[in-house]
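I opened this notebook to record what I looked up in the structure, one topic at a time. Each entry keeps to what can be read from the model.

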Amino acid sequence: MRCRTPLSMQRIRLLSARMATASVLSLVCTFTLLGQEVPPKSEPVFQVTPLHGVDFTLRNSPTSRKYLIETMSGGVALLDYNNDGLLDIFLVNAGRMRDPMINPFRFDRHEPAYWNRLYRQNKDGSFADVTEQAGLGNAGDTNYGMGVAVGDYDNDGYPDIYVTNFGKNILYHNNGDGTFTDVTAKAGVAAGGWSVSAGFFDYDNDGKLDLFVTRYLDWSIEKSKTCGNEQAPMYCPPGEFPAVANILYHNRGDGTFEDVSVPSGIAAKKGHGLGVAFADYDGDGYTDIFVANDVTNQFLFHNNGNGTFTETALDAGAALTNDGKMLSGMGVAFQDYDNDGLPDVLVTQLPHQPYVVYHNEGHGAFSAQELESGFGALSGKVSGWGVGLEDFDNDGWKDAFVAQGHVFDNVESYDSSLSYREPPLLAMNRNGHFERGDAGSNVPVAGRGAAFGDLNNDGWIDVVTTSLGDHPQFYLNRGGKAHWLTITLHGTKSNRDGFGARVQIGKQVRFATAAGSYLSSNDKRLHFGLGSVECVTVEIRWPSGIHQTVKGVKADQFIVVQESAQP
Amino acid sequence: MIVSALWICLLLQPQGGEAAVPPDALAQLQAGIDAEKHRDLDTAITAYRQATELAPGSGIAFLRLGNAFMSKRDYAQAIPPLKRALELSPSSVPAHQLLGFALLAQGYAAEAIPHLDFVHEYGALGIAQLQNGQAAEAIENLQKALVKNPSDPDLLYYLSRAGTALSSQSLDKLLSTFPNTARGHQAAAQNYFVLKMYPQAKKEYEQALALRGDLPGLRLELGQVYATGFEWDKAEELFRAEAKLQPGNAEAAYRLGDALLQQGKMKEAAAELKRSDSLHEDMSETLYALGRAEASSAPEDAERAFQRVIELEKGSPLAGQAYFALAGIHRKQGKTEQAAKEMEEYRRIQPLRARP
C-alpha cells in the first residue's frame, strides 16, 4: 500500500496531546508501508489503579428487604464536557435505602454522599470533582440513580448528559461554560417509573439526536417482593413483575422532545429492558436498535426508515440462544467483531449460559454463535453487565471486556459454585475467536457499569467500571507497539456527534455511537487498532447519506473529520 | 390398585374349629349384611357389634365387624375385631388380609408383614417391607406384584422408591464400612455432587483416582463436576482420559465431544460426537450436539443430525431446539421461507419460550 493522496487540511486537525509537536505534514503518509496487516500478538497491559482525585463510592444501600433497584445501579460516562481534549468522568450514584423503606419514599440524594459526580480531567492526568460548580449535585430525593447517556442533542458542540433513574430522569444541558442546566421539564423527557440504560441516536437522519430509554419492570417500593426464604432472602426474578415498554423520544430541534414510543412501534413490545445499543445492521442507512432483555426475548428494532420500527429479533435469529432458550440479557455491544463489515451483537447475561454472540450473517439475519466465538469457555458461571467491543491491543480485531458480578449479594448461600463478586473478563479476539486475556486484576467486585475510551490519549483504550458499594475501577491500558488511529466526527448536515456514521478502515468498521454496554456511555471518538499498518484510508458514510473518503492518513494520531458539504 | 384390593368378597363360611353361631347372632349378622348392601355402614357396624356380643366365639362376626370398619376407612377401629377374628380363626385368609392392610394403613408396617406374607399379597407386602427398611425384599415382592399388574402406577412408584432405598442402604454400608477405598470416595463424591458441594466432590474423586486410577467411570464423573462449573478445559482433559480408558464407551465420547463443542472446537467436537454416534446410534443428545458442531462447517450434515433428533424426539423440547437450529441454518443460507416454517414448528412446541 502506498499513501499518495494529500489530505484536505481544512477537514482534519490534530487533537492529541502530541499535537503541539506534530507538524501538519505528519498527517500525510508519503512512504511505502513496511508492515503487512498481520496483527501482532501483544496483549494489552492493564494497570488497575485509582485515579488521583476520583473519590467516588457507588452507594446502593442494600437492605434485607431486597428491593430490586439496589442491585441494578451504577452508570458511568466518559465524555469531554469542556472540549479540552481530555476525557472527563461522570459517575451515577444510587441513593440511600431504609430497611424497610417508609412512605414517603426518599433516597436522600440531596446529601453529597449520594450525588452523581462529574470529575474533570486535569492536564496532568489527575481529576477534580466539579460536580457542584457544574450544577450536577442534587439529583432529586425521589430518584434512585441508574444510568447515563451522553450526546449533543442541540448540536452546540458541547455534550449533554441524560441521567436515568428509578423515579424521574434528568436531562442536563451543557451550557458550554463548565455548567449544566436541568432542562428536563422543558424537554419533556422525565419518563418516570424505572428507566435503566439510555442512548442518543438519530433514528430519522434529520440531523438531531433522538433519545431511547430502556425500561426494566413495572415495579415500585409498594409492589416490591422478597423471594428466597427467611434465612436467605433474595431479589425476585423479573418474571415476578409485569413487563414494560421502552421509550423513544423524537428530538423536535427546539429543545423539546416528543414521546413517539407508540406511533414508532417501540411501545408495541413489552419486555424487561436493560442494555441498549445502536447500529445499522442491514445497511439501509437507518440506525437500528438492540435491547438486551432480562428473561425475555431480546429485541431487535428494525428501523423502517419512515419513523417506525419493527421488532424482528426472533425471525432474524437474534432473540434467543443457539439452543432456542431465553437469556438474561443485561449489557450489550453492537459492533463488528469479525471484520466482515457487518455489526454483530454481544449480550452479557447471568450464569449457566454463556454470553451470546449474534453474528450478523447479512441479509438481515443473525446466528447465535456463543460457542463458535469462544464465549462458551469464557463465561457460563459468571454474570456479565457492562460490555464493550474495543480493540485493546490495537491488532485490528475488537476484543471484549465485561464487568461482572452476580445479581444476588448472597448467591453463595444458594450455589457454592457462584460468587457475588467477580473479576472482570477480558476476552482477546484472535481472528474472530475470543480467548481469555489478562485484565490486570483478579480482584472480585460487584461489577455493573462499564465505559470505554482513551482516558490518557495514548492511543490505547482504557476502561472504567463501577461496582456496587465500592469505588470505580480504572483499567489503564499501558499499550504496546501496534499502531492506531482515533477519529472524532464532526457532523454538519448530520448530527454534530456523527452518531450513526459507518466508519471503515480496511476491513474494520465502527458504528459511531456512545451508547452500548450497561447504564453507561463511552468515549464518542472512534478508535481503530492498526497493527503494523502506518497509513490508512478512512471511509465514512454519514447518517445524511454523504460518503466521504479520507486517504493517506498516518497512524498514531487523533483526527477530526468534518462532514463534507457534498456527497 | 392396591387399595381396591381391600374390598374383596369375604368368605363367610365358619372356619374349622369355630363354635356354632346362635340364631339371634345370625339374625344380627344378616341385618348387618343387609345394611351393608344399602351402604348403611353405621347400622351394619351396630348389628355386627351386637353379633360379636351374642356370639363372642364367632370369628365371622368379628371379621364382618372389622370389614365394615375397613369400608368406612376407619382402620384404627378395624384392627381390634380383626385381631380377635384371627385369634378365633388363626388360618382365616380374609382376616390376615384385612388386618395386614389395616396395620399397613396405620403405619404398623412390621406388624403387617407376616399377615400380608401369609396371604401372598405381594404388592402390599413390598410396600410394608419398604417402610420397614427391607428394601431388597421389597423389590422382590413388588416385582412379583407387577407381573400380575404391570401398569399399576402405585406399584411402579413404590418399586422406584425401593430401588432408591436399596441404593442408599448399600451406599451407607459402603461409606461406613469402606470409607477409604476408591469406591468409598467415589460414593462420597457422588453425594457431594448431588448436594452441589462441588469442591468436596472434586476432592473425593481425586482421592478415588489416587487409589485406583484404572477404575472406569471416575474421570467421567469428575469431568462432569468440572463441566457443571463451566471449567470446560479441565472437563475435556478428564473426558479425554476416560475415552482413552474406555474407547468403546459412547457416553465418554459424547461428553468429550460436548466439552470440545462448549469451547468452540467444532471440528474436534464433530469427530468425537460422530464416534459416539457410531458406538451408540440414535442418542438424541449426541445427534443434537453433532448438529451444532457441524452447523457452520457442514450444514448439510448438521441438517441430517437435527432431522434425526426431530424424528426421535417427536415434539419434545429437544425437538423444538432442533427446529430452532434448523431455522438458523436455513436463515443463514437465505432460505427464509424454510426458516420461517421451522420457526413455526419451534413456536408450536415451545410457545411460551418463543412468545414472552
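I am working with a predicted model, in which local features need pLDDT of at least 70 and side-chain atom pairs count only at pLDDT 80 or more, while totals for chains, interfaces and linings use all residues. Residues are numbered from 1 along each chain as its sequence is written, and chains are lettered from A and ligands numbered from 1 in the order in which they are written.

**Confidence**

I looked up pLDDT, the predictor's confidence in each residue, from 0 to 100. Chain A averages 92, with 92% of the residues at 70 or above, and chain B has a mean of 91, with 93% of its residues reaching 70 or more. I marked residues 1–14 of chain B, where the pLDDT is below 50 and the model has 15 contacts beyond near neighbours in sequence. In chain A the value stays under 50 over residues 4–26, a stretch with 36 contacts beyond four places in sequence, and it is also below 50 over residues 30–39, which have 20 contacts beyond near neighbours. For the complex, the predictor gives an ipTM of 0.88 and a pTM of 0.83.

**Chain B as a whole**

I counted secondary structure as DSSP runs, numbered from the N terminus: helices are H or I of at least four residues, and strands are E of at least two. Chain B has 20 helices and zero strands. Its radius of gyration, taken over C-alpha atoms, is 31 Å, whereas a compact globule of 356 residues would be near 21 Å, by the rule of 2.2 Å times the number of residues to the power 0.38. Along the principal axes, the C-alpha atoms of chain B fill a box of roughly 95 × 60 × 35 Å. Of the contacts in chain B between residues at least 6 apart in sequence, 41% join residues at least 24 apart.

I then turned to burial: a residue is buried if 20 or more other C-beta atoms lie within 10 Å of its own, exposed if 12 or fewer, and partly exposed in between, with C-beta atoms placed from the backbone. In chain B, 44% of the 356 residues are buried.

Which residues of helix α6 (residues 109–118) of chain B are buried? I found Ala109(B), Ala112(B), Ile113(B), His115(B) and Leu116(B), and the buried residues of α6(B) pack against α5 (93–105) and α7 (122–131) of chain B. After α6(B) comes His120(B), with a positive phi near 55 degrees.

**Nonpolar cores**

I took a nonpolar core to be a set of buried Ala, Val, Leu, Ile, Met, Phe, Trp, Tyr and Cys residues joined through C-beta atoms within 7 Å. The largest has 224 residues, and those with the most contacts inside it are Val148(A), Val332(A) and Leu346(A). Helix α18 (residues 317–332) of chain B gives the most to this core, with eight residues. A second, separate core of 50 residues includes Ile79(B), Leu88(B), Leu104(B) and Leu159(B).

Leaving aside neighbours within four places in sequence, I listed the contacts of Val332(A), among them Phe290(A), Val345(A), Leu346(A), Val387(A) and Gly516(A).

**Where the chains meet**

How many residues does the contact take from each chain? I read 28 residues from chain B and 26 residues from chain A. On the side of chain B that touches chain A, α13 (232–245), α14 (250–262), α18, α19 (336–349) and α20 (351–354) each supply at least two residues, and α18(B) has the largest share, six residues.

**Sheets of chain A**

I counted two strands as paired if DSSP finds at least two bridges between them. One open sheet of four strands runs β23-β24-β25-β26 (chain A), with antiparallel pairing. β23 (332–335) and β26 (365–368) of chain A are at the edges with a single partner strand each, so one side of each is left without a neighbour in the sheet. Within the sheet, three bridges join β24 (residues 344–347) to β25 (residues 356–362) of chain A, and Val347(A) has Val356(A) as its bridge partner.

Another open sheet of four strands has the order β7-β8-β9-β10 (chain A) and is also antiparallel. Three bridges join β9 (residues 170–174) of chain A to β10(A), where Asn174(A) is partnered by Phe180(A).

Last, I looked at β29(A) and β30(A), a hairpin with two residues between the strands, in whose turn Asn431(A) has a positive phi of about 55 degrees. Four bridges join these antiparallel strands, and Met428(A) stands opposite Glu435(A).

Key
Two residues are in contact if their C-beta atoms, placed from the backbone, lie within 7 Å.
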